[in-house]
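Subject: Structure handover

Hello,

Here is the structure I promised to pass on. Please open it first, then read my notes below.

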Amino acid sequence: MHIRSYQAPDSPDIKTLISSVMKKEYPGDEKAYEYGDLENIAHAYGNLKEKFLVMEEGGQIIGTVGIKQDSETTALLRRLFVHPSHRGRNIGLMLVDTALDFCKMNKYKLVVFRATAGMASAIKLLTKKKNFVESERLMLNDIEIVMLHYKIC
């Protein structure tokens, strides 16, 4: 099991993982998330201060996380997904740790994560284990969006 940068042949597996989790676990929340970044991951996460990471085990992608530049000092943590059959093994935590290390190396001061209120596992992971702070809740049509922030020292 290891974390590595996205490679072009990963695209179909990444799309399958993310869309299957969204459809199965968060069917009403899909309309809050556009999939445009998954159509061309290399382009969407192609700036020097951006990265898309995958967790791989036995040739299978079992987790993902993206880091997208929002401003010179703020990064967006996106696409944090772990395959359901591999949960409970700290994969999400390892992906977040690697993403935060990347953010520190790139001198970001703030990391922002947006989730729907139904994404309780991701929210719990970030707030309880990584000290993200809930900063805002807002409604997008009938979906509650939770904004979390993490300040890098």
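Asn 131 is exposed, because its relative accessible area is 57% and exposed means over 50% (buried is under 20%, partly exposed in between; 1.4 Å probe, protein chains only). Asn 131 is found in the loop between helix 5 and strand 6. Asn 131 is not a glycine, yet has a positive phi of about 65 degrees.

Some ground rules. This is a predicted model: local features need pLDDT of at least 70, side-chain atom pairs count only at pLDDT 80 or more, and totals for chains, interfaces and linings use all residues. Residues are numbered from 1 along each chain as its sequence is written, and side-chain values use heavy atoms, with hydrogens and water left out. Helices (H or I, at least four residues) and strands (E, at least two) are DSSP runs, numbered from the N terminus.

Other loop residues

Lys 107 also has a positive phi, about 60 degrees, although it is not a glycine. Lys 107 lies in the loop between helix 4 and strand 5 (110-116). Its relative accessibility is 61%, so Lys 107 counts as exposed.

Gly 118 sits in the loop between strand 5 and helix 5. At 48% relative accessibility, Gly 118 counts as partly exposed. Gly 118 and Val 146 are 28 residues apart in sequence. In space they are 9.4 Å apart, C-alpha to C-alpha.

The sheet

What is the order of the seven strands in the open sheet? The order is 1-2-3-4-5-7-6, and the pairing is mixed. Two strands pair if DSSP finds at least two bridges between them. Strand 1 (2-5) and strand 6 (133-140) are the edge strands, and each pairs on one side only. Neighbouring strands are turned by 25 degrees against each other on average, direction ignored. Axes here are lines fitted to C-alpha atoms, for helices over the stretch in contact, and angles run from 0 to 180 degrees between N-to-C directions.

Now the pairs. Strand 2 (residues 51-57) and strand 3 (residues 60-69) run antiparallel, joined by seven bridges. Phe 52 stands opposite Gly 66 in strand 3.

Strand 5 and strand 7 (residues 143-151) also pair in the antiparallel sense, over seven bridges. There, Phe 113 stands opposite Leu 148 in strand 7.

Strand 6 and strand 7 run antiparallel too, with seven bridges. Glu 136 faces Met 147 in strand 7. The hairpin of strand 6 and strand 7 has two residues between the strands. In that hairpin, Asn 141 takes a positive phi near 55 degrees.

The helices

Helix 1 (residues 11-25) lies across strand 2, strand 3 and strand 4 (74-82). Helix 1 runs at about 90 degrees to strand 3.

Two packed helices are described by the angle between their axes and the distance between the axes. Helix 4 (residues 91-105) and helix 5 (residues 120-129) pack at about 60 degrees, with their axes 11 Å apart. That makes helix 4 oblique to helix 5 (under 35 degrees is roughly parallel, over 145 roughly antiparallel, 65 to 115 roughly perpendicular, the rest oblique).

Which residues make the contact? From helix 4 come Gly 92, Leu 93 and Val 96. From helix 5 come Leu 125, Leu 126 and Lys 129. Contact means heavy atoms within 4.5 Å. The contact residues divide into four nonpolar, one polar and one charged (Ala, Val, Leu, Ile, Met, Phe, Trp, Tyr, Cys and Pro count as nonpolar, Asp, Glu, Lys and Arg as charged, and the others, Gly among them, as polar).

Best wishes
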